[in-house]
Amino acid sequence: MLKNHTKGVFLAAIGTLLTATTVQAAPIAPAAIPAAAMATIKWAAPSANWSSATMFTQFPGTAFQRTIYEAEGAYPNGTAVDVEVTDTGVMVEYEEGITMAKVPANVQAALKANFPTLAKISEIEWVMKPMVGNGGKVVNSIWYEFEGMMGKNSVAVYVSQDGSQALLDMTNTN
């Protein structure tokens, strides 16, 4: 749950991983989220309590431009949850806060091998991004997101569920 909301969005397109930026988010009340978007948010996390929301434009100025609504909240047990959907209710991303103890050993090994200088990890999330695979089939791409420091830069690193890919989100460095 990056606070500047200019995080990269990963898209699978003909075997190439592309990164796209977004326009700075505007805070809104959760009640201001359109009904179709809120229905998907409630479907994704039915018992969550929503504390804040934002609206932003993804892929501005392109044929793929769309409005995204992000709801942030927590489950009754305190676990953080963040859901992003389009204004028409298409799921973009689901994130759930976890601890390092819940990160699989292969993912931890890939993180250490590929980003040995990542330090001061402040947040870890289990991330599900529905993506369109070969033949138009929707698949759920599972990633682990680690927010921390590399030198003086605040960064986000994504490691795939199987540990085969480890990516630095270049749109979240400062």
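## Helix H2 and its cover

Contact here means heavy atoms within 4.5 Å. The model under discussion is predicted.

Helix H2 spans residues 105-114, and its buried residues are Val107, Ala110 and Leu111. Viewed along the axis of H2, these buried residues lie within an arc of 100°, so they line one face of the helix. An α-helix has 3.6 residues a turn, so residues three or four places apart point the same way. Ala105, Lys112 and Ala113 are exposed, and they sit on the face of H2 turned away from the buried side. The cover over the buried residues of H2 includes strands E8, E9 and E10, together with strand E11 (166-169).

Strand E8 (residues 119-132) pairs with strand E9 (residues 138-150) in the antiparallel sense, over eleven bridges. The two form a hairpin with five residues between them, and in its turn Gly135 has a positive phi of about 80°.

E9 in turn pairs with strand E10 (residues 153-160), again antiparallel, over eight bridges. Two residues separate E9 from E10 in this second hairpin, where the turn residue Gly151 has a positive phi of about 65°. Glu147 of E9 can be followed in both directions: Glu123 is its bridge partner on one side, and Ala156 of E10 is its bridge partner on the other.

## Helix H1

In helix H1 (residues 35-44), Ala37, Met38, Thr40, Ile41 and Ala44 are buried. Around the axis they cover an arc of only 160°, which means that they are on the same side of H1. Ala35 and Trp43 are exposed on the other side of H1. The buried residues of H1 pack against strands E4 (49-58), E5 (66-74), E6 (80-86) and E7.

Which residues form the aromatic pair? The count of such pairs is one. Tyr94 and Trp126 make up the pair, which is edge-to-face, with 6.1 Å from centre to centre and 75° between the planes. An angle over 60 degrees counts as edge-to-face, so the 75° of this pair falls in that class.

The pair links distant parts of the chain: Tyr94 belongs to strand E7 (residues 91-97) and Trp126 to strand E8, 32 residues apart. Tyr94 has a relative accessible area of 8% and is therefore buried. Trp126 has a relative accessibility of 27%, so it counts as partly exposed.

Technical notes: Residues numbered from 1 in each chain as written. Predicted model: local features only at pLDDT ≥ 70, side-chain atom pairs only at ≥ 80, totals over all residues. Heavy atoms only, no water. Pairing = 2+ DSSP bridges. Helix = DSSP H or I, 4+ residues; strand = E, 2+ residues; numbered from the N terminus. Buried < 20%, exposed > 50% of the residue type's maximum accessible area, 1.4 Å probe, protein only. Arc of directions from axis to C-beta. Phe/Tyr/Trp six-rings, centres within 6.5 Å; stacked < 30°, edge-to-face > 60°.
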